[in-house]
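Please look over the model shown here before reading on.

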Amino acid sequence: MKALSLIPLCLLGLAACSDPESIARYPIDPPTAEKALPNRLGRAELREVSLPQYAGGQEIAFQTEDGALRSNPDNLWADDPARSVTLALARQISSLSGATVISEPWPLADPPTRKIEVRIEQMLPGADGQLHVAGVYFVTASGFESSGDTVRRFDFTVPMGSQDPQAQAIAKANSTAVTMLARQIAQLR
């Protein structure tokens, strides 16, 4: 019986060890872009963006000099990374081009004319102070329209400002990467 009465005390002790004020949450939230490109997409439904496991986890991962990917449990993404990237990407494509890009499921009565799928194969905060982003995106006609499919690879880097992996710099680079990718998709290049 005494052992059972110690369990609440142990749990209370463990809770006291974790300091919630030491945990920082960082959003992927690029500033809204201004319309600068022609509308080549019309109404498009964006499927949830596919991320590599290390980029899709709650903890912010970074590469160290030895090539390993590490994370700190005190530095977390503010939202699910795949959801956050998907919503930010849809917003940026729409803002840049005037297209109506909405993440799935499509909520409007008029169906989309295109579907967009993005598969990010690498979104790596490298030990070299660069965020390395690579993958492929697909734009297909929705329904019975046959305007051709688009398949484009992307591969670019975003400076993080320092080789020291700081979560704030990684979050800012991720936000910049979303805008760069949105520009490529909006231009279908």
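The contact, defined as heavy atoms within 4.5 Å, is made on the side of helix 3 by Val85, Ala88, Leu89, Gln92, Ile93, Leu96 and Ser97. Helix 4 contributes Val178, Thr179, Leu181, Ala182, Arg183, Ile185 and Ala186. By class, the contact has ten nonpolar, three polar and one charged residues; Ala, Val, Leu, Ile, Met, Phe, Trp, Tyr, Cys and Pro count as nonpolar, Asp, Glu, Lys and Arg as charged, and the others, Gly among them, as polar.

Two packed helices are described by the angle between their axes and the distance between the axes. For helix 3 (residues 81–97) and helix 4 (residues 167–186), the axes come within 8 Å and cross at roughly 55°. Axes here are lines fitted to C-alpha atoms, for helices over the stretch in contact, with angles from 0 to 180 degrees between N-to-C directions. Helix 3 and helix 4 are therefore oblique to each other; under 35 degrees counts as roughly parallel, over 145 as roughly antiparallel, 65 to 115 as roughly perpendicular and the rest as oblique.

This is a predicted model, in which local features need pLDDT of at least 70 and side-chain atom pairs count only at pLDDT 80 or more, while totals for chains, interfaces and linings use all residues. Residues are numbered from 1 along each chain as its sequence is written, and side-chain values use heavy atoms, with hydrogens and water left out.

The chain has four helices and eight strands, taken as DSSP runs numbered from the N terminus (helices H or I, at least four residues; strands E, at least two). Their order along the sequence is α-β-β-α-β-β-α-β-β-β-β-α. Of the 189 residues, 41% are buried, that is, under 20% relative accessible area with a 1.4 Å probe and protein chains only, where exposed is over 50% and partly exposed in between.

Asp79 lies in the loop between strand 4 (69–77) and helix 3. Asp79 is partly exposed, with a relative accessible area of 29%. Beyond its neighbours within four places in sequence, Asp79 is in contact with Gln58 and Ser84.
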